[in-house]
Amino acid sequence: MGNTTGGGLPPRSSGNRGRAAEANAPRRSSGNSGGNSGGRKPSPQRKKSGAKRFWTIFSIVLLLLIIGAGVYLGWIYQKSQSIGEAGEPVKPANTQPIAMALLGTDFRSETGSHLTDVVMVAAMNPNTNTATIVSLPRDTRIELEGYKVRKVNAYYPTFLAQEKKGETEAKEAMQRMLGKYFDIPLDYVTVVNFQSLRDIVDALGGVDVDVTMDMCYKDTADGTDIDLKAGPQKLDGKNALDYVRYRKTNCNPPTGPSDDFSRNQRQQQVIGAIMDKVQSFNVLTKSGSLIDAVADNTDTDLENKQILNLVKTYWDIPKENINFPKVTGTWNSPYVYISDSELAAAKQALKDELAGNHQPAIPAAGE
């Protein structure tokens, strides 16, 4: 709060001060020390204590803040009606742990492709104020009973093609497949496209990122023009997307290549930068454009009310409370063969999150 000189109350007028001074000034004796001219002696005015005045003002301010927060969350809820589905969540995210798949597709009007360059599974627990997020390299070889062997990024477009033929909805098919792969129940699937990241970062006014290396790649077919220099800098939406997408160079002089494991690390780096910006106070004034950016480029089976639950519960989750288990492997064209031990550890970390066994680095308020 700002300066509250005078207890936060407006100053009195000089005229009032003058009359108050006269009224409170000691009267001179009229020489009749034993009388008061027949009038009743005025009782002394009780002065309100500074502590009582402070708590009165504080209570009013607190009430206004509570009302303001309620109005703000109500407005957020109204805006969030453009995302997700109607209905009541079976497992409210503010009281129960949930898990979901997060897919980032390379869909752009220039290409029409739906390959999932980003495949993540996230588990969140409101009781510990923690989360665990596992990223799979896009070329991960999936060998799973009941499914044809494919790269993980090829399943979603395959399921989309089957959906168009009247088969299971693609999101539901991905939910079932990834849930079986990680051996946990998945409650939701959210699919976002490249434009979503660009719009979210731009809605936030850019994000601060320490770019790990020089990057240069150009492709006139789809308009790609990646040109980044290593070092700390603020990235707008286009450059943030370029940073997480970069794989190889075709420039002269060339820049270094990047494998899928490095891409996953950069995705986590940008997620952290976005969280830093979202949790800042000033972003509250930009929430409308932020929600619009998500709504325009997102396909999710989250209920509207569940989205509000997630906002209220995890808006200020510390980055230190988010676990990113490392999942790497060996490249043997055309697949990445995931390390069995790392995959087993990642699966266990997700199960531990849902069970409440992830101990927070920063305890929730009140603990």
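1. Two strands are said to pair if DSSP finds at least two bridges between them, while helices (H or I, at least four residues) and strands (E, at least two) are DSSP runs numbered from the N terminus. In this sense two bridges join β3 to strand β12 (residues 322-323), the two running parallel, and T132 stands opposite N323 in β12.

2. This is a predicted model, in which local features need pLDDT of at least 70 and side-chain atom pairs count only at pLDDT 80 or more, whereas totals for chains, interfaces and linings use all residues. Residues are numbered from 1 along each chain as its sequence is written, and side-chain values use heavy atoms, with hydrogens and water left out.

3. Strand β2 (residues 116-125) runs antiparallel to β3 and is joined to it by seven bridges, with V119 having L136 as its bridge partner in β3. The two strands form a hairpin with four residues between them, and N129 in the turn has a positive phi of about 55 degrees.

4. Seven of the seven residues of β3 (residues 130-136) are buried, where buried means under 20% relative accessible area, exposed over 50% and partly exposed in between (1.4 Å probe, protein chains only).

5. A salt bridge here is a side-chain nitrogen of Lys or Arg within 4 Å of a carboxyl oxygen of Asp or Glu, and the count comes to 17. One of them joins D117 and R263 (3.7 Å, N to O), linking strand β2 to helix α7 (residues 260-278) across 146 residues, and both D117 and R263 are buried.
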